[in-house]
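The points are intended to be read beside the structure.

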Amino acid sequence: MRFDVVTLFPELFAPFLTTGITRRAYSSGAVDVHLFNPRDVATGNYRRVDDRTFGGGPGMVMMPEPLAKTLEVIATERGYTAKVVLFSPVGQRLNHDLVQKWANSDGAILICGRYEGVDQRFVDAHVDEQISIGDFVLSGGELPAMALLDAVARLQPDILGDADSHHFDSFNPALDGLLDCPHYTRPEEWAGQAVPEVLLSGHHVNIARWRREQQLRLTSRYRPDLILAARAAGRLSPKDEALLKSLL
Ligand code: 9WO
């Protein structure tokens, strides 16, 4: 799939695209990321991409024309259409289902706003979807764009060291939409705290049962909404329900 990212700060993406377990997803082209700076198509001596806000008030707004011209460049390069996504708190909240949807797509064009925002006429004319990563304001859409790319990249086959390890992550359907269990590594005792005995036992049935119990406990305590969703989707066994009842 191909993601075209429209950003005034393409250099922010370079270290991110070349580091960590997702690097292979990008370098192999499984998630092919192309960066475009609207300043490159802006005109005039100063190649302006922002201007004062009509109606007055502080701050600058991204001009529509350099963004629209950038979309034209992308359309020519890409040769096939793609949804245009803008990152803003207005949008639909990003979650695993939405990440999965984009991971199964041909990609998208990701618009990263800066300043006070993007001229609304560009949004009305060209933006198909808005995506939010939470109810807070950032200084630009780049971090949300990277969040989406990262979540999509790690769903690519054979990207994680253990090819299957994302099947055990929180919010993966294999976890039935519950939070992940706690993890421990060496040493067996650290700062006066021991690793739970069962994990050292080598008894895989008991370990699996303990982990499921931990998932249910954690989720019930911190994200009861996810318990309700898992129940509604029929993802809780009678054993799960018995354990949850014992927690009350
Ligand atoms: C911000 C905004 C706030 C309320 C209503 C509409 C809005 N649109 C934007 C917007 O397009 N902001 C641009 C990107 C320019 C200013 C910095 N930007 C931004 C994106 N700040 N915070 C986000 C963001 C994106 C996704 N999830 C959380 C925050």
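The numbered points below describe the pocket, then the ligand and its surroundings.

1. The model is predicted, and the comments that follow should be read accordingly. In this model the largest pocket has a volume of about 470 Å³.

2. A total of 25 residues line the largest pocket. Those that lie nearest its centre are Phe87, Ser88, Pro89, Glu116 and Gly117. Strand S5 (83–93), helix H5 (120–126) and strand S7 (129–132) are the elements that contribute two or more residues to this lining. S5 provides the largest share, with five residues.

3. The ligand sits in the largest pocket. Around the ligand there are 19 residues, of which Val90, Tyr115, Ile133, Phe136 and Leu138 come nearest. The protein covers 80% of the 580 Å² of accessible area that the ligand has on its own.

4. A backbone N or O atom of Ile133 lies 2.8 Å from a nitrogen atom of the ligand. For Leu138, a backbone N or O atom is found 2.9 Å from a nitrogen atom of the ligand.

5. Within the shell around the ligand, S5 and S7 each supply at least two residues. The largest share of this shell, four residues, comes from S5. By class, the shell holds ten nonpolar, eight polar and one charged residues.

6. Which element gives the largest share of the pocket lining, and which gives the largest share of the shell around the ligand? For the lining it is S5, and for the shell it is S5.

Note on methods. Residues numbered from 1 in each chain as written. Predicted model: local features only at pLDDT ≥ 70, side-chain atom pairs only at ≥ 80, totals over all residues. Heavy atoms only, no water. 1 Å grid on protein atoms, 1.4 Å probe; cavity = no way out; pocket = protein on both sides within 12 Å on 5 of 7 lines; lining within 4 Å. Points joined across faces, edges and corners; volume = space filled by probe spheres on them. Near = heavy atom within 4 Å. Polar contact = N/O pair within 3.5 Å; in protein donor to acceptor, adjacent residues only side chain to side chain. Areas by Shrake-Rupley, 256 points an atom, 1.4 Å probe, with all protein chains shown as cover. Sits in = over half its atoms within 2 Å of the grid points. Nonpolar A, V, L, I, M, F, W, Y, C, P; charged D, E, K, R; others polar.
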